[in-house]
Amino acid sequence: MQYFNLYANCRLVKGARMSLLCDLQMRKFYHIPNDTADVLIFLQQHSIEECMTHYGEDNREAITGYIDFLISKELGFTDHQLLQELIPLDLSWDRYSDITNVIIEYNEEINYTATFFRQLFDLHVQGLEIRCYGKTALGKIRELLEIFNGTTLRFIKLVLLYDDALELRTLDKLVKQYPRVKSLLIHSSPTDKAEKIFDGSVPVVFFSNKINSCLACGEIRTNYFTSNMELFTESQHYNTCLNRKLSIDLNGYIRNCPSMREHFGHVKETSLQEVLDNEAFHRYGKIRKDEIAVCKDCEFRHVCTDCRAYLEDPQDIYSRPLKCGYDPYTNHWEEWADNPLKHAAIALYGLEETIN
C-alpha cells in the first residue's frame, strides 16, 4: 500500500468554508477547499487506497489530483508507510524578552536617549518601527538611528513622508550606514511602486496614500499575510499584533499600539517596570485569533496579524477587526469601509478622513 506523508512544517488551518495549507519553512500558503482539507486529514491516518475506498471510486481522479498537487509543491511525499520519523511540529512559543517589538511615532521634541528608552532597549528588543508622519530631515533620522547602534535590534522599519530628496541612491547610502534598517515605506508618494536597495536585500515601498496619523493603521490585506514558523506558533498562544509590543505615541505616551486609546503613562514620568507590572498592559496581548468573533472561523487567522485598536464592536474586545473586508462564510472580499454595518464604528473612531 502507498501512503501520503505530509511534511511536519506544513500545517492545515480549517475555516468555515475554505482551508489554508501553510508551508512554514518555504513561507508560502495555499488556499484550498474544505473538501480537499478533509481528504488530507484522512490521509494522515490511512493509505491512499483506503482513502479511495472511503470517498468512492467517482472521486479517485480528484484525490489523485490533490496528491499530485501536494507533491509538486514539495509539501509531502508517498511511501509504503506513514513515517513515524516525521516528528510533529512543536507549536510552543516563547521569548526571553518582556518586549520584543516597539513602535515610535517620531517627534523631534522628545529625547530618545532618556532613561525610559535606555531601559526599554536594554530588554533585548528585536524589532523597531519608526513612523514619521511629517517631513523629517534625513539628518534627524540619522541621529535617531545612531541611538540604536550597540543595541540588540535586528530589524528597523522606517516609515517616511515622500520627499524628492529621498532618492534610491540616498536611501541606499543610509541603509548601508545603518544595516539594521531592513525595510522602508515612503508614504504620500506620487505613485505606488516597489523597489529594492542594498544589493536587492532591502525593500522600499512607495505608497500613494497619505499616512498623517495612526488612524491609517490596522487594515487587513492579503499582502500583509505572512506564513512562517514565528508568526504561526505565536498565533497559537498570543495576539500576533500586540503580544510583547510597546509603542510611544507622537506626544510621548506609552501604549500597546499608537492607535489604542488607553495609555500607561508618559516617558518622562513613568518607569518601564511600572508599565510591565501593569496587568492591563498585557491584556490585549493574550487575545488569540481563535477567540475573536468571525476570525476564529477564518482560514487566514494564523497568517494574519490582527488589529485590536479598531473593532467592529468597540465595546467588545473580542470583536473582529473593523478594517477587515473578508467574509470567511462566503470567501468574498469587499472594501471594508463600504459596509454600512461598519459606519457607526467608523464614526466613533473618527476614521472618516482616512477613507474619503
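Reader: Which residue is the bridge partner of N5 in strand 5?
Author: F77 is the bridge partner of N5 in strand 5. This is a predicted model.

Reader: How do strand 1 and strand 5 pair, parallel or antiparallel?
Author: They pair in the antiparallel sense, over four bridges, with strand 5 covering residues 76-79.

Reader: And the faces of strand 1, covered or open?
Author: Both faces are covered. Y3 and N5 are buried on one side, and F4 and L6 are buried on the other. In general, side chains in a regular strand alternate between the two faces of the sheet.

Reader: L6 again, then. Which residues lie nearest the centre of the second largest pocket?
Author: L6, A8, Q44, L86 and P88 do, out of 19 lining residues. Strand 1 (3-6), strand 2 (10-14) and helix 1 (34-43) are the elements that give two or more residues to that lining.

Reader: What is the volume of that second largest pocket, and what is the lining by class?
Author: The space is about 500 Å³. The lining has 14 nonpolar, four polar and one charged residues.

Reader: Changing topic. What is the strand order in the open sheet of eight strands?
Author: The order is 10-11-9-8-7-6-12-13, and the pairing is mixed. Strand 10 (193-197) and strand 13 (254-255) are the edge strands, each pairing on one side only.

Reader: Take strand 8 and strand 9. In which sense do they pair, and over how many bridges?
Author: Strand 8 (residues 155-161) and strand 9 (residues 181-187) pair in the parallel sense, over six bridges. Within that pair, K157 stands opposite S183 of strand 9.

Reader: Which strands does helix 6 touch?
Author: Helix 6 (residues 168-177) packs on the sheet and touches strand 8, strand 9, strand 10 and strand 11 (202-207). Its direction makes about 45 degrees with that of strand 10.

Reader: And helix 5, which strands does that lie across?
Author: Helix 5 (residues 138-147) lies across strand 7 (127-131), strand 8 and strand 9. Relative to strand 8, helix 5 runs at about 160 degrees.

Reader: Cavities next. How many of 30 Å³ or more?
Author: The structure holds two. The largest cavity has a volume of about 120 Å³, and 15 residues line it.

Reader: Which of those are closest to the centre of the largest cavity?
Author: C295, C298, C304, C324 and Y326 are the closest. By class, the lining of the largest cavity has 12 nonpolar, no polar and three charged residues.

Reader: Which residues line the second largest cavity?
Author: L145, N149, I156, Y178, P179, R180 and V181 line it. They divide into five nonpolar, one polar and one charged. The space in the second largest cavity is about 50 Å³.

Reader: Backbone now. What is phi for F198, and where is F198 found?
Author: Phi of F198 is near 55 degrees, a positive value in a residue other than glycine. F198 is found in the loop between strand 10 and strand 11. Most residues other than glycine have a negative phi.

Reader: What is the relative accessible area of F198?
Author: The value is 25%, so F198 counts as partly exposed, since the buried class is under 20% and the exposed class over 50%.

Reader: And what is phi for V294?
Author: V294 has a positive phi of about 70 degrees, although V294 is not a glycine. V294 is found in the loop between helix 9 (279-282) and strand 14 (326-327).

Terms used
Residues are numbered from 1 along each chain as its sequence is written. This is a predicted model: local features need pLDDT of at least 70, side-chain atom pairs count only at pLDDT 80 or more; totals for chains, interfaces and linings use all residues. Side-chain values use heavy atoms; hydrogens and water are left out. On a 1 Å grid over the protein atoms alone, a cavity is a set of points where a 1.4 Å probe fits but cannot get out, and a pocket is an open set with protein on both sides within 12 Å along at least five of seven lines; lining residues have an atom within 4 Å of a point. Grid points are joined across faces, edges and corners, and a volume is the space filled by probe spheres set on the points. Ala, Val, Leu, Ile, Met, Phe, Trp, Tyr, Cys and Pro count as nonpolar, Asp, Glu, Lys and Arg as charged, and the others, Gly among them, as polar. Two strands pair if DSSP finds at least two bridges between them. Contact means heavy atoms within 4.5 Å. Axes are lines fitted to C-alpha atoms, for helices over the stretch in contact, and angles run from 0 to 180 degrees between N-to-C directions. Buried means under 20% relative accessible area, exposed over 50%, partly exposed in between (1.4 Å probe, protein chains only).
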